[in-house]
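Dear colleague,

Please find the structure below, followed by an account of what was found in it.

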Amino acid sequence: EESLQGERSRLWRIDLQSGALTAGPVVPPIRELRLHPDYEDTRLAFVAEGGGLFSLRGFQGSRPRWLAGEVTAFNLAGPLAPLVARIGEPVAPGGPVSIEVRRIGRNPRIVGVGSLDVAGVRWVGRTTYVWGSREGVEMLVALDRRGVEEWSIPREVLDVAPHGLFLLAEGDASAIVATPEGRPVVSVGLDIDAVAGWSPDGTYLAVVGSLAEGVEGLWLVHTPDGGLLQLERSTRDEARVGFSSGGRLVFWSQPGAIAVLDVATGSTYRIQLPPTVPRPVGPFVAG
């Protein structure tokens, strides 16, 4: 995604092997972007700032099609319409928060989960996860076909992985990947400022954070064992990292270029961008 003057961006498609660029449509600033690898030409969708959900039928020269308003999170599941979730404000202070879950074009399912100061929402498969705090206690809520399940957890949730595990933090302590109950699976070993991306299977996590004072930047975390690889020594909190659908290629923006890491071989290379293309701002997706 390329920032343009005003409240617009341009989407670009980049061939990670050849570096070939294809200009796409001008769209509103994108908050979240997803591509379904099995339906690459017709299953690209994004949530714009303000919560509007759009889809693109094809890429080059396509016109964004509006699907639904004020979407908090969405997922692409098969060839059908996206699954969407929307968080409603409590009617009264301390009242229940409503979660509306539906497939576009079908009747919504609306559930109240009790008072919750919502910090984040994410779809994993066909489950919607909502996390935040309730009366000073960190909470995690899961909503699926079986109903609603809640956990009180000992640490703050930072994000949910595509395979359903959770990234948790506690003060200045190192972050951990944990189960929904808060049981640690592996220590990440970083003080995390921002999550930059997950590989599709959750094997890799990219974050902005610090290992120790003065040792900070953009990191790649191997979640099965907590192994760390520093991608850049310093970066912005809003950095975005993309992964190929198999998780082998990792890519992120640099001034005038896209940097790529092949995790299978350890090799890195840069795709130089033309001077007319500003620094990409993400988000990145790959099929």
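**Ser244 and its surroundings**

The side chain of Ser244 comes to 3.2 Å from the backbone nitrogen of Arg248, a polar contact (a pair of N or O atoms within 3.5 Å; within protein, one must be able to donate a hydrogen and the other to accept it, and residues adjacent in sequence count only if both atoms are side-chain atoms). Ser244 sits in the loop between strand E24 (241–243) and strand E25 (249–254). Ser244 has a relative accessible area of 12% and is therefore buried; buried means under 20% relative accessible area, exposed over 50%, and partly exposed in between, with a 1.4 Å probe and protein chains only.

**Basis of the values**

This is a predicted model, in which local features need pLDDT of at least 70 and side-chain atom pairs count only at pLDDT 80 or more, while totals for chains, interfaces and linings use all residues. Residues are numbered from 1 along each chain as its sequence is written, and side-chain values use heavy atoms, with hydrogens and water left out.

**The chain as a whole**

The protein chain has 27 strands and zero helices; helices (H or I, at least four residues) and strands (E, at least two) are DSSP runs, numbered from the N terminus. Its radius of gyration is 19 Å, close to the 19 Å that the globule rule gives for 287 residues, so the protein chain is as compact as a globular protein of that length. The radius is taken over C-alpha atoms, and the rule is 2.2 Å times the number of residues to the power 0.38. The C-alpha trace spans about 55 × 45 × 35 Å along its principal axes.

Of the 287 residues, 48% count as buried. Where contacts in the protein chain link residues at least 6 apart in sequence, 33% join residues at least 24 apart; contact means heavy atoms within 4.5 Å. The side chains include 27 positive and 33 negative ones, and the centres of the two sets lie 10 Å apart. Lys and Arg count as positive and Asp and Glu as negative, while His and the chain ends are not counted; the charge is placed at NZ of Lys, CZ of Arg, CG of Asp or CD of Glu.

**Further buried residues**

Gly217 belongs to strand E22 (residues 215–222) and is buried, with a relative accessible area of 3%. Glu232 is 15 residues from Gly217 in sequence, and their C-alpha atoms are 5.4 Å apart. Leaving aside neighbours within four places in sequence, Gly217 is in contact with residues including Val207, Val208, Gln230 and Glu232.

Thr127 lies in strand E13 (residues 127–134) and is buried at 15% relative accessible area. Not counting residues up to four places away in sequence, Thr127 touches Arg122, Ala142, Leu143 and Asp144. Between the C-alpha atoms of Thr127 and Leu83, 44 residues apart along the chain, the separation is 9.7 Å.

Thr179, in the loop between strand E18 (173–178) and strand E19 (184–187), counts as buried at 12% relative accessibility.

**Two exposed glutamates**

Glu70 has a positive phi of about 55° although it is not a glycine. Glu70 lies in the loop between strand E7 (65–68) and strand E8 (73–75) and counts as exposed at 54% relative accessibility. Glu135, likewise not a glycine, has a positive phi of about 55°. Glu135 is found in the loop between E13 and strand E14 (137–144), and counts as exposed at 81% relative accessibility.

With kind regards
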